[in-house]
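Have a go at each task before you read its solution.

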Amino acid sequence: GRGRFAEAAARAAALLKTAPKAAAVANVLGSAQDALGRRAEAEAAFRLAARIDPAYAEAQANLGQLLFDLGRTEEAAAALRRAVALTPASVPALATLGRALTRRGEPDLAMRYIDRALALAPRDVPALIALANAETRRGRHAETEAALLQAEAEAGDLPVEPRTLLAQAQARLGKDDAALANYDRALAAAPDLPLALAGKAGLLQ
């Protein structure tokens with residue numbers, strides 16, 4: 001829980017005072033701060049780790065993921081490219097870089113990294129969700145549905161946003177009953193989600 005992450009953050013911060021060049025400790029501090037929702041502090045710690053050791057791929061990947069979550073797509077893509085260059089077989093970095101490029105409006109380029117991620121880990125759920133996002137931007141709704149159904153089978157469930165994306169794909173494929181069921185499941189978890197509300201309303205007209 002939060003207590004464990006708060007303790008980890010305090011220990012890492014204390015250790016950094018005695019070992020200010022310990023990149024791994026700065027990375028641990030960033031992860032703990034991120035888990036506590038302290039995004040600015042997490043970013044500062046990840047950047048410190050990457051500055052101490054520019055070849056530290058994990059710090060670059062963590063920074064990229066954080067920046068992606070914050071909606072800072074260009075900065076995220078830059079950090080994730082550095083991570084992938086340092087560790088070409090990093091499935092999380094490849095998948096998140098794919099998502100960042102899709103968000104930037106480059107789904108075809110994104111597919112290069114997503115395909116690499118899935119070649120390394122065909123059952124990786126974040127990579128499958130990244131695939132679904134890219135295929136949606138490419139207008140390939142059957143492929144979106146297939147990727148998300150596989151992700152659901154692997155994970156046992158889907159987060160709200162991918163669940164809504166699945167419903168949207170099924171609606172475009174004319175699978176109205178399945179789409180309504182998935183919109184309902186998304187709204188059960190997030191009753192005010194605009195995309196799900198609008199999508200369900202469109203099917204009920």
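**Exercise 1. State what share of the chain's residues is buried, then describe the chain as a whole.**

Solution. Of the 205 residues in the chain, 43% count as buried, where buried means under 20% relative accessible area, exposed over 50%, and partly exposed in between, with a 1.4 Å probe and protein chains only. The model is a predicted one, in which local features need pLDDT of at least 70, side-chain atom pairs count only at pLDDT 80 or more, and totals for chains, interfaces and linings use all residues. Residues are numbered from 1 along each chain as its sequence is written, and side-chain values use heavy atoms, with hydrogens and water left out.

Next, the secondary structure: the chain has 12 helices and zero strands. Helices (H or I, at least four residues) and strands (E, at least two) are DSSP runs numbered from the N terminus. For the extent, the C-alpha atoms fill a box of roughly 65 × 35 × 25 Å along the principal axes. Last come the contacts, meaning heavy atoms within 4.5 Å. Among those between residues at least 6 apart in sequence, 44% join residues at least 24 apart.

**Exercise 2. Check the span of helix α11, then work out which residues of α11 are buried.**

Solution. Start with the length. Helix α11 covers residues 176-189, and at 1.5 Å a residue its 14 residues should span 20 Å. The expected span is 1.5 Å times one less than the number of residues. The end C-alpha atoms of α11 are 20 Å apart, so the two values agree.

Now sort the residues. Ala 179, Leu 180, Asn 182, Tyr 183, Ala 186 and Leu 187 are buried in α11. They cover an arc of only 165° around the axis, which means they sit on the same side of α11; the arc is that of the directions from the helix axis to the C-beta atoms. The face turned away from this buried side carries the exposed residues Asp 177, Ala 188 and Ala 189.

Finally, look for the packing partners: the buried residues of α11 pack against α10 (160-172) and α12 (194-204).

**Exercise 3. Describe how helices α4 and α6 pack.**

Solution. Begin with the geometry. Helix α4 (residues 57-69) and helix α6 (residues 91-103) pack at an angle of about 35°, with their axes 10 Å apart. Axes are lines fitted to C-alpha atoms, for helices over the stretch in contact, and angles run from 0 to 180 degrees between N-to-C directions.

Then the hand: α4 passes α6 in a left-handed crossing. A crossing is left-handed if the near helix is turned anticlockwise from the far one by less than a right angle, and right-handed if clockwise.

The last step is the side chains. From α4, Ala 61, Gln 65 and Phe 68 meet Ala 93, Thr 96, Arg 99, Ala 100 and Arg 103 of α6. These contact residues divide into four nonpolar, two polar and two charged. Here Ala, Val, Leu, Ile, Met, Phe, Trp, Tyr, Cys and Pro count as nonpolar, Asp, Glu, Lys and Arg as charged, and the others, Gly among them, as polar.

**Exercise 4. Find the buried residues of α7 and what covers them.**

Solution. Helix α7 runs over residues 107-120. Its buried residues are Pro 107, Leu 109, Ala 110, Met 111, Tyr 113, Ile 114, Ala 117 and Leu 118. What covers them includes α5, α6 and α8 (125-137).
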